[in-house]
Structure formats: structure tokens, C-alpha cells
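The following exercises are to be worked with the sequence and the structure at hand. Each task is followed by a solution in steps.

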Amino acid sequence: MLRQMPEEGLTLGQAAKALGVSADTLRRWERAGRLKTVRDSANRRRVPSDEVERLSEHPARSRPGDQLSARNRFPGVVRSVEVDGVMALVEIEAGPHRVIAAITRDSVEDLGLAPGVPATAAVKATSVMIERGS
């Protein structure tokens, strides 16, 4: 549930965080007519609470990772994890593909990544994100 918001609604950044998308995505949605915004007294965009609730209840918006397209996801198995200081290299074997991602040591620990663990490489632009598989 959303917490109490100012009368004008959420800032674009707050709304983006609540919906699990970027502020740029909200700007595109606004231009395309998929999102209604208002302007506050300083002429900044605000997203009304009913718009945030409407978009967060949309069936296609269940979890942040779910909105990535299938072509960007490489389910596989962790083959190696090399930790050095605060960073780590994680290699995932995904069918005929090998994906190597540089992620933080904390992410490796939080996801419990180790050789043999199922994981999915989610590729977006030049970044590779790792999520633990089931």
C-alpha cells in the first residue's frame, strides 16, 4: 500500500521507484498518453496517487524482473564466482551461451551465488543483472 502523499502526488522519481521503472520510462509513458501527470507550483511533474495505484495494479506489473522481455533473459547455472575486494565476476552457463557479469560482492552474497546454483542473467543495454533461479 502506498503511504500518504502530498496533495500534488509523488515526484517523478518517487513514482518511478514505487512502480519499479525509471523516471525516463514515466516520461515516455506520459508522452504516449499512458500516464497522467500534473504540475506543482514550481512547474515540476507530479504523479497523482490514483495514477500510481492504477499502474501498480496492472496485471503485467507483478514484479520488477517480470517486465523484462524473454529475449533479455538467460536462465542457466552458475559455473564460477571470482570475488576480489568489493566486486565479483560471475559466469553463468545458459544453454550454448556463457554470460559473465561484474557485480558487487554484496550481490553475490545476497543471492547466494556459487557454482552449481541456478541463476538467470538479465541483460539490459550494456548492463548484465543476475537473479537467482528456482
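**Exercise 1. Is P96 buried or exposed?**

Solution. The structure is a predicted model, in which local features need pLDDT of at least 70 and side-chain atom pairs count only at pLDDT 80 or more, while totals for chains, interfaces and linings use all residues. Residues are numbered from 1 along each chain as its sequence is written, and side-chain values use heavy atoms, with hydrogens and water left out.

Step 1. Apply the cut-offs: buried means under 20% relative accessible area, exposed means over 50%, and partly exposed lies in between (1.4 Å probe, protein chains only).
Step 2. P96 has a relative accessible area of 78% and is therefore exposed.
Step 3. Locate the residue: P96 belongs to the loop between β5 and β6.
Step 4. Relate P96 to a residue elsewhere in the chain: its C-alpha atom is separated by 9.8 Å from that of G76, 20 residues apart along the chain.

**Exercise 2. How does helix α1 pack against helices α2 and α3?**

Solution. Step 1. Angles under 35 degrees count as roughly parallel, over 145 as roughly antiparallel, 65 to 115 as roughly perpendicular, and the rest as oblique.
Step 1. Helix α1 (residues 12–19) packs on helix α3 (residues 49–56) at an angle of about 25 degrees, with the axes 10 Å apart. The two helices are therefore roughly parallel.
Step 2. In this pair, A15, A18 and L19 of α1 meet V52, L55 and S56 of α3. The residues of the contact comprise five nonpolar, one polar and no charged. Here Ala, Val, Leu, Ile, Met, Phe, Trp, Tyr, Cys and Pro count as nonpolar, Asp, Glu, Lys and Arg as charged, and the others, Gly among them, as polar.
Step 3. Against helix α2 (residues 23–31), α1 packs at about 100 degrees, with the axes 8 Å apart. This angle makes α1 roughly perpendicular to α2.
Step 4. From α1, L12, A15, A16 and L19 meet A23, L26 and R27 of α2. By class, that contact has six nonpolar, no polar and one charged residues.

**Exercise 3. Which residues have the most contacts inside the largest nonpolar core?**

Solution. Step 1. A nonpolar core is a set of buried Ala, Val, Leu, Ile, Met, Phe, Trp, Tyr and Cys residues joined through side-chain atoms within 4.5 Å.
Step 1. The largest such core has 13 residues, and V90, I92, I103, L113 and I130 have the most contacts inside it.
Step 2. At least two residues of this core come from each of β5 (87–94), β6 (97–104) and β7 (118–124). With four residues, β5 gives the most.
Step 3. A second, separate core of 12 residues includes L12, A15, L35 and L55.
Step 4. Examine V90, which lies in strand β5. Its relative accessible area is 0%, so V90 is buried.
Step 5. Neighbours within four places in sequence aside, V90 is in contact with V78, S80, V81, V99, I100, A101, I103, V108 and L113. The C-alpha atoms of V90 and I103 are separated by 7.4 Å, the two residues being 13 apart along the chain.

**Exercise 4. Where does P75 lie, and with which residues is it in contact?**

Solution. Step 1. P75 is placed in strand β4 (residues 73–84).
Step 1. Because its relative accessibility is 58%, P75 counts as exposed.
Step 2. Leaving aside neighbours within four places in sequence, P75 is in contact with A94, A119 and T120.

How values were computed. Axes are lines fitted to C-alpha atoms, for helices over the stretch in contact, and angles run from 0 to 180 degrees between N-to-C directions. Contact means heavy atoms within 4.5 Å.
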